[in-house]
Amino acid sequence: MCGIIGYTGKKNCVPFLLDGLKRLEYRGYDSAGVFILQGGQIVTVRSVGKVAELEKMVLQTNPKGTTGLGHTRWATHGKPSEENSHPHTDCTGDLVVVHNGIIENYLSLREKLESRGHKFRSETDTEIIAHLLEENLLHVRASDDEDRLIKAIAKTNKALSGAYAYYVMWTRTPYLLAGTKVQNPLVVGIGKEENFLASDVPAFLQHTRKVLFVEDGEIVIIKSSSIRLFDKAGVEKSRKPVKIDWDQKKIEKGGFRHFMLKEIHDQPQALEDTLRTEREGFGKILNLDTTGLRKLHTVHIVACGTAYHAALIGKYYIEQLAGISTQVELASEYKYRALVPATNALAIAISQSGETADTLGAIQKAKEAGFGTLAICNVKGSSLTRLCDHVFYTHCGPEISVASTKAFTSQLVALYALALFLGQSNGNISRGFFEKSYKELLSLPKAMDEVLKLEYDVRHLTRKIYKEKQFIFLGRHVNYPIALEGALKVKEVSYKNAEGFAAGEIKHGPISIIEKGTPVFILMPEDRLFEKMVFACQECRARGAFVVAITTKAGAKQLKNIADKIITVPTTNELLQPVLDVVPLQILAYWIAKRLGCDIDHPRHLAKSVTVE
Ligand code: M6R
């Protein structure tokens, strides 16, 4: 959480910082600030609220300089106020620190620093880094100020515990920015006579696609025309930069009012891009150890939020197609349970960002218990991809909207392909079945195009129901997690109460919350469970619900007098149907929130990547 951008080069850094902050705003939007080295002094402009507020203040003060930092905050310690906004300085005011993450031992460190005379100006954990650096700069032996700074950072890191990335600007070294990280992202953008530090690539993507990923414990120094990397002991090392294949268009709204809607519409392309590389991707991963895979008898999948819903569907895929027993668990829970050490076992972590602290913790735990590890992830070089033995990338491009949409459907196609490859390797499915199913998978982008045409219809429906106090979603089998996902989408962007249930469960309790007119969305493609879902429709309707059936063509014909509204999605095979069924629910959530006037791309209290526990 929190988005940080740093620039050093030959131009005025302010426009780079403001633009970078806008692109990082999905990481937090409680307060924002820019800090610029101007004539040997650090000029600070900061404000509570979003980057737009900060921009107004910057226009008034018009700071200029060629080195600077910007920060947009998601509050952890201390309320979102101006004094708690970044940057934080040492007692001299010559050194500033901006930070993303949590310093877990900050209370004890603060106490010690205060007892040694340091004066704190905020309630944040970040400020202790500035004061620690202030002390360490005085006490390390160094050849010059740059060397002093590197050594002071290395020493400071030894005292900190937690997950963090922090960036430093010091008036004694006005030509450089320093950064370091532990379990939080920090990337370097390499330009021509200008370089960037940031929490995520979109912050500088319009200026360069050449990127260096900094690893845990490392320290990086950027100057306008050089980059130096050091290990945790301060010893210089080198690493080859990588080229990011995202282009500028992918981080623009492209004519849509919100990223969420744009990303919903990106889905046909996202699936196509993921599928194009998938066959080769899994082929490569799985060929690494075909004998091991044949013996594989346990799979655990860990993830959070929307990625967890993808994992729940992945279980159906792997069990049905590969015949391998699969457990799915919320990463935040998995970390704290007793895990029986395993052999011939694979743990899969699913994450769009690859930076979710709980998911990283869970996969680390599985690794320690002897599981092989596979990441299904969207962000190249992210922490998760470096932690796991194997990586399969979804290729849905940057997902900016806090509400995840295209990452979810891309994760589903990845999981389906994985299950097919596993099933073929261990002989659970025949070659013919594999080929037929793979063909069905490849036809999804086209079907996705079709399903998006439902937008007008769904948007129209929301006019009638958007003021309702609650929304209910019901599904069964592979569509049960879609009911959960539909409810999560509505909740997070419209703040309405929304619940997803397994359809068979409603009569065991949840049905009591239905009131006259409560919208109940029932996922009921025409399949072997259709008749059971018809009962669920009738039960809800009998209690006054306004029933919306999400079904396929054959189902629609049978539902004329049973549902109040029918939404017909294209038909695919039973296991893949959720990939299409979720789309009307994404659109529904968007339009409910839009009609309610919610800030869709920046829902209250949320941030895109949850990099703290
Ligand atoms: O980056 P990740 O996929 O690991 O993120 C996991 C969740 O935080 C994420 O899916 C969250 O639930 C979304 N806001 C849901 O739309």
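# Briefing: helix packing, cores and domains

Helices α13 and α20 are roughly antiparallel to each other, a label for angles over 145 degrees. This is a predicted model, where local features need pLDDT of at least 70, side-chain atom pairs count only at pLDDT 80 or more, and totals for chains, interfaces and linings use all residues. Residues are numbered from 1 along each chain as its sequence is written, and side-chain values use heavy atoms, with hydrogens and water left out.

**Helix pair**

- The axes of α13 (residues 406–425) and α20 (residues 577–595) come within 9 Å and cross at roughly 170 degrees.
- Axes are lines fitted to C-alpha atoms, for helices over the stretch in contact, and angles run from 0 to 180 degrees between N-to-C directions.
- Helices (H or I, at least four residues) and strands (E, at least two) are DSSP runs, numbered from the N terminus.
- Phe408, Thr409 and Leu412 of α13 meet Pro578, Val579 and Val582 of α20; contact means heavy atoms within 4.5 Å.

**Domains**

- The protein splits into domain 1 (3–244), domain 2 (252–442) and domain 3 (452–613), with bounds from an automatic or database domain assignment.
- The centres of domain 1 and domain 3, taken over C-alpha atoms, are 43 Å apart.
- In the contact between these two, 13 residues of domain 1 meet eleven residues of domain 3.

**Nonpolar cores**

- A nonpolar core is a set of buried Ala, Val, Leu, Ile, Met, Phe, Trp, Tyr and Cys residues joined through side-chain atoms within 4.5 Å.
- Buried means under 20% relative accessible area, exposed over 50%, partly exposed in between (1.4 Å probe, protein chains only).
- The largest nonpolar core has 87 residues, of which Tyr317, Ile318, Ile348, Phe473 and Phe521 touch the most other members.
- Domain 2 and domain 3 both give residues to this core, so it lies between them.
- Apart from this core lies another, of 34 residues, including Ile5, Tyr7, Cys13 and Val187.
- Not counting residues up to four places away in sequence, Ile348 has several contacts, among them Val299, Ile318, Ile363 and Leu418.

**Loop residues**

- Asn62 has a positive phi of about 50 degrees although it is not a glycine.
- Asn62 sits in the loop between α2 (51–61) and β4 (67–73) and is partly exposed at 47% relative accessibility.
- Gln183, also not a glycine, has a positive phi of about 55 degrees.
- Gln183 sits in the loop between β8 and β9 (187–190) and is partly exposed, at 42%.
- Most residues other than glycine have a negative phi.

Terms used. Parallel < 35°, antiparallel > 145°, perpendicular 65-115°, else oblique.
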